[in-house]
Amino acid sequence: TVWSEYLDEGHLMEQAAVSVAICFALHTMRSVINPGSKAIAISLGAKGEVAADKFAMQTINLMFHCFSAVFTMSVVREADWLGDNAADIWSEETVPRSWIAFYCVAFGYHLQRLLGLLVKPRKKDFVEMLLHHIVTAVLITISLWMGYIRIGLMVLMVHDVSDIPGCVCKMTTAIEADKLTICAFIPLLILWGYERLWILPAHIIVAATRQPAGLQAPSVAVCTGSLCILFLLNAYWYSLFLKMLKRVVVSKGTVAKDIQG
């Protein structure tokens, strides 16, 4: 089929076109789902249009991150890239088409998030989020182009798994459900710290430096540098989470204002 041909390695332009189509499909999906999600948010206690919009936006984000986390964790676990088979992430064997199809979906999602960030009113973390989405798009593009898909799946895994409780926190703050927010905030701190501040630098970035071509290859150097930028952004956001935790402790359980807006 035409679709299966697009999922063969070496068809970067076609895969980019598929990703753009997915980007617009996700935008359309948001337009269809948002009114219902906003109505649910208002019924659950969201006060004002901004809070309802925030709840609705995170609904789609949560759906994607759950899908991505399940897919990437199943691949990484089966391949055991974080265990005895870590060296296999640089295998020259052709990857399954399902992995490339997932890459197209992930690229379309992050492209849609990037475009949405540019057209919506700027929040106080605009620069950090813009850098995050640009770096992510660059990483996905280069890893697909150069065949670094295995390590790319690991990068997506550590971010999407920890994004799940993050989406839940934002949804619960939108409806002012403080107890639920605290219940989601604890897993957020644990998963974010373990996945993004331990696995990313100690396993994935280290594995990138051990690529057979070494850091001599421009593509490897760009990807490794981009991963380091993501790590620094993650560390910065984690410091904000710790400040939020301090506020919660000081206020004796009253949830502080969502630092990331």
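How high is the mean pLDDT of the protein chain, and what share of its residues reach 70 or more? The mean is 87, and 90% of the residues get to 70 or more; pLDDT is the predictor's confidence in each residue, from 0 to 100. Residues are numbered from 1 along each chain as its sequence is written, and side-chain values use heavy atoms, with hydrogens and water left out.

**Stop 1: the start of the chain**

Select residues 1-6. Here pLDDT stays under 50, and the model has 8 contacts for this stretch beyond four places in sequence (contact means heavy atoms within 4.5 Å). Where pLDDT is low, the predicted coordinates should not be read in detail.

**Stop 2: the whole chain**

Zoom out and switch to cartoon. You'll find 8 helices and 0 strands, in the order α-α-α-α-α-α-α-α along the sequence. (Helices, H or I of at least four residues, and strands, E of at least two, are DSSP runs numbered from the N terminus.) The radius of gyration is 19 Å, close to the 18 Å that the globule rule gives for 261 residues, so the chain is as compact as a globular protein of that length. That radius is taken over C-alpha atoms, and the rule is 2.2 Å times the number of residues to the power 0.38. Along its principal axes, the C-alpha trace spans about 55 × 40 × 30 Å.

Now colour by accessibility: 50% of the 261 residues count as buried. Buried means under 20% relative accessible area, exposed over 50%, and partly exposed in between (1.4 Å probe, protein chains only). Of the contacts with a separation of 6 or more, 74% are between residues 24 or more positions apart.

**Stop 3: arginine 30**

Go to helix α2 (residues 12-43) and pick arginine 30. Is arginine 30 buried or exposed? Arginine 30 is buried, with a relative accessible area of 7%. Show its surroundings: beyond the neighbours within four places in sequence, arginine 30 touches Pro35, Met57, Ile60, Asn61, Tyr109, Gln112 and Arg113.

**Stop 4: two loop residues**

Select aspartate 80, in the loop between α3 (49-79) and α4. Its phi is near 60°, a positive value in a residue other than glycine. Aspartate 80 is partly exposed at 29% relative accessible area.

Then jump to glutamate 176, in the loop between α6 and α7 (178-209). Glutamate 176 has a positive phi as well, about 60°, without being a glycine. With 46% relative accessibility, glutamate 176 counts as partly exposed.

**Stop 5: a cavity**

The structure holds 2 cavities of 30 Å³ or more. On a 1 Å grid over the protein atoms alone, a cavity is a set of points where a 1.4 Å probe fits but cannot get out, and lining residues have an atom within 4 Å of a point.

To centre your view, select Leu139, Gly152, Val155, Leu156 and Leu227, which lie nearest its centre among the 22 lining residues. Two or more lining residues come from each of α4 (97-119), α5 (126-146), α6 (149-174) and α8 (218-250). The largest share, 7 residues, belongs to α6.

Conventions:
Predicted model: local features only at pLDDT ≥ 70, side-chain atom pairs only at ≥ 80, totals over all residues. 1 Å grid on protein atoms, 1.4 Å probe; cavity = no way out; pocket = protein on both sides within 12 Å on 5 of 7 lines; lining within 4 Å. Points joined across faces, edges and corners; volume = space filled by probe spheres on them.
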